[in-house]
Amino acid sequence: MSDWEPKITAFLCNWCSYGAADLAGVSRLQYPPYFRVIRVPCSARISPKFILSAFRHGADGVWVSG
Amino acid sequence: MSEHVKGSVLVVGGGIAGMQSALDLADSGYYVYLLEQSSAIGGAMAQLDKTFPTNDCAM
Amino acid sequence: MSGKPGNFSAEILKRPRFVDVEKCIACGACAEKCPKKVDDAYNQNLIKRKAIYVEYPQAVPLKYAIDKDHCIFFEKGKCRACEKFCPSKAINFDDKEEHLNLKVGAVILAPGFRAYNPAGDDTFKYGRLPNVVTSMEFERILSATGPSQGHIRRPSDQKSPKKIAWLQCVGSRDVHRAAHGYCSSVCCMYAVKEAVIAKEHAGGDLDCAIFYMDMRSHGKDFERYYNDAKEKHGIRFIRSRVPTIEPVDDTGDLILPHVNEAGEVEEERFDMVVLSVGMETTPEVARLARNLDIDLTEGRFCRTDTFHPVRSSRPGVFVCGAFQGTKDIPQSVIEASSAAAEAEVLLSAARNTETRRKKEILERREGNKTPRIGVFVCHCGINIGGVVDVPAVRDYAATLPFVEFVTDNLFTCSTDTQDTISRVIREKALNRIVVAACTPKTHEPLFQETLVSAGLNRYVFEMTNIRNQDSWVHKDAPDKATEKAKDLVRMAVAKAALMSPLEEAEVDVNRRAVVVGGGVSGMAASKALSGQGYQVTLVEREATLGGQALNLFRTWRGEDIQENLAAMVKSVESDPLIDVCLNTELGQVEGFVGNFKTTLTCKGQEHVVDHGVTILATGAKEFKPEEYLYGKDPRVVTHLELDRKFMNHDQGLKSVKAAVFIQCVGSREPQRPYCSRVCCTHAIESALYLKKINPDAEIFVLNREIRTYGEREYLYREARLAGIVFIRFSLETKPKVFVDGADLKVEVPDAALGHSVGIKADLLALATAIVPYKDEKLARFFKVPMNEDGFFVEAHAKLGPSEFASDGVFLCGMAHYPKPIDEALAQGQAAASRAVTLLSREKIRVSGTVAYVNPAVCSSCGVCVEVCPYSAPSFIEKGPFSGKAEINPVLCKGCGLCVSSCRSGALNLKGFEEGQIMAMINEV
């Protein structure tokens, strides 16, 4: 389990969480390199289809924040 | 008189009030000089954690 | 500063930054290497920063600066570590002070405030007891970017406190020592907020107690917040002034003795104490005011008057924010726009004379052809290249479908790289561009401009973030970071391949404004617009202009309202650009921002007005109560009725032996849980006036709390000194009013005395609530929301107080929230200033990122129409697709809510198409 590397698809709102992820970088916070970010104009843009599709393409987790 | 009127405004202070004045003026066709004594704009609001009543992040 | 309104000359000293902002890429290498630690003022000196620094991580501009007073090089002549490690050669130790001479038409002063420093005050032992902190320090302690990443720790031992006390009015409402007699207006609410957030951060077992004199929650939605703090969050509110703070040996804990409401002395132990410090004008600002020859008030704020709330005593110099008087964020934002409006009126002859226009470059029709993608991968000095294998990412990009060109750059954002990108686009006939670099939030516009300069559409661009969200956060895993960068580039390329050029919708703007409501705010808005040459149709439902101000006697500053109001009405009526429509209401409204078509109905006659913007200034009215014998006994009057007596020089007032004022009649009650904001000040001012014309009268003000915010507090003090008696009651112990024989009697339990006080009153003035008209028709016409109390809901409680979320519709005056004349007037001007940002353009051009409908698939369910906060979707009325949805691109903000809500898949969002996002998901 310890060397398991999950694949996480992250949908981040341009105006808040995407900016927060930028800020984490500015602050040099370190975190595991397992998620890939898709920037969306607003979390309202997220349709359930995206989440299902992410799982279908092998995501171990989906992260939506906004 | 009118030909002597300048189309620019000096705004002293880059806090929330100064920034809003500057934005309104610039968006309405005036050149703005925004003066701030520190090295970044934002003022006191940038130091706040959250704002009520919505508890939004002040930043 | 010299010169006159319209043409000033100002001498400015620009201090050196020692960092070239053009070159600095804010990588932070300099600060990392800088050996000198300095107290971090942004974090209230709770932690250290370096001598080369950015003010805070999200600072604008995000460029470093050297603190000359602490830099080792400036102190000792050597070091220059920052210079050595700066990858972009941005350090410039030779940077010099500059003296600038600016020629400007007007000046707006927004210098702000500083927090009161309680160090000189023995009561609080601030500076000696480490766990006594100021509220500004506590803000930083709460903040995720603060010294403890938002975990609440007390300074002495870094333990998480279990009990925190807030002490209100530190430096405010206090005429002793260096403190100030005025109320700082904001401390009650920020203390409540800090307590609520602290409990949220710390979980359930944190006990928060606020020691206060009067809780001043007089802003919009503040009373609800206060009630929730009490009832839902369990914050304790203790009405008592704490005379001293005593340490408990060396535990770090603190004892607060205080007198409770029953008059007994109690002691309570806390882990930490927060001092709710007030606002004050700095000596530097006071000096600046003297230099500029500007009058200050007793509290050292810029002197203004009620009918010119943002004009300083010097013509052409305007003021806003905390320097105009203590105030919160929304009021500062309102005044800021109001000051802008005043400057715009003064300088309207010179509009657009000093601004510059961008050169337009013709777009080539490349976008719809087969994708030819160019990928630019940035090293960002060593910021990306030091972790991610940039050449490997570049080579990988070259293998991706449709990629025709790849390269890597030391700094993709540099000016010479822009020239290269522009040249390559033309040479290689590229029609989609991907940049893998830092964050699009700061750099997307720059690259889009480069695309435009090369004749491409700005929307055939995708940026992916391999710095902030990759190299910076995976420093210790370079292989994984490189892998992630490749994935991100692959995702970006997949999206880019599906992109097409987007059009930005344009609409012409009709230059006329319709202002609904002819009270002070509506008139102020109209004058601010006509003063800039715009035509205004001012609609008033009554037969006269003036609104509620017609019923008012004097302002809290003692100014005569009718005299000033009459002058204002006259100037509006005689203004050739203002078309005043009395006895008129709105019958029908069509259209949207830039192009409204409104039908006005006046005495059965209809006429249609075309206009570009609308300002709602519909006001509010006095609540007519059913309690306290109102309407049953002639001695019981409302405040407006009392003002009428004052205006009529009612002789009866001179024979009044005892007068009683009852506050919060209909306000702060369960059915109307908001504070009407103006009544406390109005009661005190009326009481003082009554005392003046009838010095022998005994006057009682029965109140739940006195809310004389800002410099209005002086009136409260004056009233107490004049012998006016203030008796407090609560919602449970409301006064009883009854007739005993011929006498009108008021009985109220007095907690301080421990028994009821009976008063035989000749006059009973009720501070009745201010209630909105709840005009649902108007709300429907302009698709604007109302809150549960019936006041209109602005775009943003803090940052957009004078506008609606729907474009082209603005808000001011009491339709927003109860407010006094100066604030209503300022907001009228503010609404006008916001409106002029639209009216001053010939065309409104909107983003290309908007939703669109495929009508063939639309099922006409109406979900999109319902969910959109901006009223962009509507049903098509005519033609083959009648009944189907359509999106007005001018109103659409591109959030995508309608798209993800559409059950039939008829909607899509340009720039974030279903297919594009799916392609990215595929490539994760």
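Predicted model: local features only at pLDDT ≥ 70, side-chain atom pairs only at ≥ 80, totals over all residues.
Start with one pair: C:Lys480 and A:Glu5 join their side chains in a salt bridge, 3.0 Å from N to O. The term means a side-chain nitrogen of Lys or Arg within 4 Å of a carboxyl oxygen of Asp or Glu. Between chain A and chain C, the rule finds 5 salt bridges.

Residues are numbered from 1 along each chain as its sequence is written, chains are lettered from A and ligands numbered from 1 in the order in which they are written, and side-chain values use heavy atoms, with hydrogens and water left out.

Back to A and C. Polar contacts there come to 22 residue pairs, both at pLDDT 80 or more. A polar contact is a pair of N or O atoms within 3.5 Å; within protein, one must be able to donate a hydrogen and the other to accept it, and residues adjacent in sequence count only if both atoms are side-chain atoms.

Which element of chain A supplies the largest share of the side that touches chain C? That is α1(A), with 8 residues. Helices here are DSSP runs of H or I, at least four residues, and strands are runs of E, at least two, numbered from the N terminus.

Now the totals. Chain A puts 38 residues into the contact and chain C puts in 41, with contact meaning heavy atoms within 4.5 Å. About 3500 Å² is buried between them, 58% from carbon and sulfur atoms. Buried area is the accessible area (1.4 Å probe) that two parts lose on being put together, summed over both. Of what chain A buries against chain C, 21% comes from A:Arg28, A:Arg36 and A:Arg45, more than any other three residues give.

Next, chain C against chain B. Here 79 residues of chain C meet 45 of chain B. These two chains bury about 5000 Å², with 61% on carbon and sulfur atoms. The salt-bridge count is 2. C:Arg834 and B:Asp24 make a salt bridge at 2.4 Å, N to O. On the side of chain C that touches chain B, α8(C) gives the most, 11 residues.

Last, a strand pairing. Strand β1 of chain B, residues 8-12, runs parallel to β8(C) over 4 bridges. Pairing requires that DSSP finds at least two bridges between the strands. B:Val9 sits opposite C:Ala106 in β8(C).
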